[in-house]
Structure formats: structure tokens, C-alpha cells
Amino acid sequence: MNAPLSNQRIIVGVSGGIAAYKAVVLVRRLIEAGCEVRVVMTEAATRFVAPLSFQAVSGHPVRTTLLDAEAESGMDHIALARWADAVVVAPASANLMARLANGFADDLLTTLCLATSAPVHLAPAMNRQMWAHPATRANRDRLVEHGVTLLGPAAGAQACGETGEGRMLEPEVIVEAIVEALADALVANARPDLAGRHVVVTAGGTREPIDPVRFIANRSSGRMGFALAAEAARRGAAVTLIAGPSALPTPAGVERVDVETAAEMQAAVESIGAMDIFVGAAAVADYRVAAPADHKLKKSGETLSLELVPNPDIIRRVAERAERPFVIGFAAETDHVREYAAAKRVAKGMDLICANEVGAGKGFDRPDNALLLLWDGGEHELPQADKTRLAGEIFDTYHQITQD
Ligand code: PMT
């Protein structure tokens with residue numbers, strides 16, 4: 001499979017057909033490839049697979065109707081159409097293809113396909129006679145003329161007992177095609193405003209060992225740092241991502257160095273020579289255990305004290321370099337966000353600080369966040385948005401400050 005993609009937003013549309021069960025695997029594979037997925041089902045599709053199955057794998061409620069007052073108050077159908085980077089309808093039944101080919105907008109899925117400017121991919125699945133019928137062929141040709149991409153169908157044994165062309169492609173094959181199409185679109189749409197720059201990003205939390213099996217850690221998932229690395233690569237930079245333990249896929253075009261402790265993160269950063277932009281998005285442990293045990297500590301019934309010593313401040317040392325890059329840091333605060341972040345920016349020698357409120361479900365380990373950007377003589381408030389979008393705004397602010 002091609003390089004996985006971080007943070008690409010896909011609507012998976014499911015129409016009525018026996019192959020609908022395969023769409024559950026498709027959703028799972030897209031998420032494994034790093035995509036964020038929302039599922040929209042036609043009424044007929046819900047007769048084959050329960051929406052709950054898709055909700056469980058996608059982690060989001062499934063949309064089935066156009067006029068769902070509750071869903072519309074969250075993300076209305078037009079917002080959903082705009083949200084998507086791609087729409088994939090799998091399976092696409094003969095009926096759905098006919099409705100789409102004729103511009104019908106008589107349910108949520110067809111309306112979305114008309115309302116989106118994102119590429120629409122269809123994975124047809126139907127009986128071989130239906131696929132071969134001149135009406136379906138005409139609809140297929142019309143859809144292709146309208147810019148829809150067809151994925152398959154494949155030939156082989158069919159659920160109806162016949163053999164021929166009309167089987168839905170396997171989920172893995174569909175994912176491969178989607179990932180390739182998205183990667184091509186990213187390259188084609190990229191603003192190469194960081195071309196020729198070396199951007200170094202730290203991401204995720206560090207783990208400070210207590211003994212061979214225990215460590216001190218924090219709630220950082222790495223999402224913010226990975227989104228920044230992906231965005232810098234999209235904008236043409238050479239990107240080094242120094243990541244604490246994280247299961248996230250490496251963004252396309254990014255060189256990744258995995259580390260565990262703050263000391264390893266610092267060594268990885270210091271091994272890098274020239275850099276143009278340094279982004280410290282990692283939640284680096286401020287302290288480590290002075291003398292981690294070389295054997296598993298035994299429970300004794302007594303209280304246990306650990307002596308903690310301060311870790312080196314990675315970002316401050318980067319800011320102190322003779323040939324310093326533009327330094328972007330973060331401040332994770334539970335209170336006095338603006339005040340503490342402003343002081344931290346100056347104390348650590350950062351050019352730009354991105355302050356966020358953390359705790360109580362905010363900031364850490366979620367796809368979205370809100371940030372307050374502070375720099376010498378300016379500030380910019382970024383309301384709640386997904387971390388890919390925030391990453392773009394951070395680099396736009398870098399350009400605004402440096403005026404290049
Ligand atoms: O990873 P996610 O789940 O997406 O969550 C994102 C985030 C909440 C981790 C991110 O938005 C964030 O706030 N990252 C910085 C967290 C943090 O450690 O903040 P801090 O206020 O403790 O540190 C201030 C700055 O100094 C940070 O840029 C940090 O990377 C840097 N630092 C801190 C300590 C240290 N020893 N070395 C450092 O370089």
C-alpha cells in the first residue's frame with residue numbers, strides 16, 4: 001500500500017446491497033491509513049447492515065436521513081459536504097448510480113454527492129446482468145463524464161450465485177486507490193510556501209522510566225505534532241519528525257525518528273544541524289527519575305518516594321543556538337493560559353507560542369483543539385478546529401510574522 005495519509009477526511013457512502021458488509025472493513029482500513037471517516041447510509045443500506053456497526057468502527061454517529069434535526073444542528077449536510085476531502089460510495093448499487101447520473105438529490109447521500117466539491121469515487125456492486133444492462137452502462141458513462149471515478153467492479157462469483165462482472169472491489173484495493181488519489185491531490189493542491197526549508201517537529205509525550213516495566217508519561221497522542229509535520233511536508237518543506245511513542249502513521253513525505261525519553265528527544269534534536277523552523281509540539285516531561293531501578297520494583301506496603309531531577313529544556317536550547325531557526329513552541333496550561341504562555345514564550349526564547357488549555361477533555365488526545373497564538377507584538381485566536389487546519393494556520397502565521 002502507498003504511504004498512509006494523516007487527517008484526510010472521507011465520507012463513506014453506503015447504498016443498499018449485499019456488499020454493504022464489506023464497507024465496514026473499508027471504514028476500518030481507511031482509519032488505519034490515517035483518515036478520519038464519517039459514514040452516510042441510504043435507507044436501503046440500513047436493511048443490510050445496522051448503522052451501529054459503522055458507528056462502532058468509525059467512532060462517529062452514522063447519518064441516514066437528510067432532514068435529521070439533531071444532526072443538522074451539529075454539522076448540516078452542506079457543512080458535511082464541505083468537510084470531506086473525498087467521498088467514497090461503496091457499494092454503489094445500480095439504483096444509486098442511476099439517481100446520481102440524473103442529478104437526483106432525494107436523500108442525504110445523493111445530496112452530498114451533488115453538494116461536495118471533493119472528488120467522488122464509486123465502487124459499483126451488482127448482479128452481472130444489471131451491470132451489463134445498457135441503462136447502467138449509460139449511467140456509468142454519464143457519471144464518468146461528470147468527473148466521478150469508478151473503482152471496479154471486479155469479476156468473479158456473485159452473491160446471487162452467478163459468475164461475472166459486478167462484484168465490489170475488496171476493501172483493501174479500494175483503500176489503495178483512495179490513498180493514491182488523495183496523495184496526488186495533496187501534491188497538486190499544495191502551496192509550496194515552505195519549499196527549500198528544513199522543518200523539525202517534536203511530537204507526542206515522553207516516557208521517563210521508573211524501572212524496566214514502569215514509566216512516567218502524559219496524555220499527549222502526538223496528533224498535533226503529526227499534523228504540523230504533515231502540513232509542512234504538504235507545503236514543500238523537508239521535514240524531520242521526532243516522535244515520542246505514538247501509534248499514528250507517519251505522514252507522507254516525512255522522515256520520522258522515534259524516541260522514548262526526553263533525553264533521547266533532546267539527543268535527536270541536537271544531532272540535527274541546520275534547520276529553518278523548529279516546532280516543539282511535544283509534551284516533554286519536565287522531570288525524570290534520578291536513578292531508574294534496573295529491576296522491577298517490588299511492592300512493600302511502605303510508601304515509595306521517587307527522586308525526580310529536571311530534564312533539559314529542548315526548545316530553549318534550540319532557541320539559544322548561534323544559528324537559530326524560527327522557534328515555534330506550545331504552552332499547555334490548565335489556567336491563566338494567556339499570562340503563563342506569554343511568560344513562557346519570553347523565558348524560552350520562542351518566536352511564536354501556541355497556547356492551549358488542557359485538562360478536562362481539552363487539548364490532549366483529540367482531533368481538534370483551540371489555540372491562542374502569541375508573538376512579539378501580535379496575537380491571533382484560533383477557535384476550535386481540527387488539528388490539520390490549526391497546523392495550516394500556524395504556518396500561515398509564521399509567514400505573517402517573518403513576512404516571507
Ligand atoms: O499530542 P496531542 O494529543 O495532539 O496534544 C497536543 C498537545 C496538548 C500536547 C500540544 O498542543 C501541546 O500543548 N504541546 C506542548 C505540551 C507541553 O509540554 O507544554 P509545556 O507548557 O510543558 O512546554 C512548553 C514548551 O516547551 C513546549 O513547546 C514543549 O515542547 C517545550 N519543552 C518542555 C519541556 C522540556 N523539557 N523541553 C521542551 O522543549
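How much space lies in the largest pocket?

Reply: The model is a predicted one, in which local features need pLDDT of at least 70 and side-chain atom pairs count only at pLDDT 80 or more, while totals for chains, interfaces and linings use all residues. Residues are numbered from 1 along each chain as its sequence is written, and side-chain values use heavy atoms, with hydrogens and water left out.

The largest pocket holds about 850 Å³ of space, a volume being the space filled by probe spheres set on grid points joined across faces, edges and corners. A pocket here is an open set of points on a 1 Å grid over the protein atoms alone, where a 1.4 Å probe fits and protein lies on both sides within 12 Å along at least five of seven lines; lining residues have an atom within 4 Å of a point.

The lining of this pocket comprises 41 residues, and those nearest its centre are Ala282, Ala283, Val284, Phe330 and Ala332. Two or more lining residues come from each of H10, strand S13 (277-280), strand S15 (308-310), H12, S16 and H13; helices (H or I, at least four residues) and strands (E, at least two) are DSSP runs numbered from the N terminus. S16 contributes the most, with four residues. By class, the lining has 21 nonpolar, 13 polar and seven charged residues, where Ala, Val, Leu, Ile, Met, Phe, Trp, Tyr, Cys and Pro count as nonpolar, Asp, Glu, Lys and Arg as charged, and the others, Gly among them, as polar.

The ligand sits in this largest pocket, in the sense that more than half of its atoms lie within 2 Å of the grid points. Helix H10 (223-234), helix H12 (314-319), strand S16 (326-333) and helix H13 (337-348) each give two or more residues to the shell around the ligand, and S16 supplies the largest share, four residues. In total, 29 residues surround the ligand, the closest being Ser221, Gly280, Ala282, Lys344 and Asp365; a residue counts if one of its heavy atoms lies within 4 Å. This shell divides into 15 nonpolar, seven polar and seven charged residues.

An oxygen atom of the ligand lies 2.4 Å from a side-chain N or O atom of Lys344. Polar backbone atoms also take part: one of Gly280 is 2.6 Å from a ligand oxygen, and one of Gly222 is 2.8 Å from a ligand oxygen. On its own the ligand has 780 Å² of accessible area, of which the protein covers 96%, by the Shrake-Rupley method with a 1.4 Å probe.

Finally, His336 lies in the loop between S16 and H13. Although not a glycine, His336 has a positive phi of about 45°.

Notes
A polar contact is a pair of N or O atoms within 3.5 Å; within protein, one must be able to donate a hydrogen and the other to accept it, and residues adjacent in sequence count only if both atoms are side-chain atoms.
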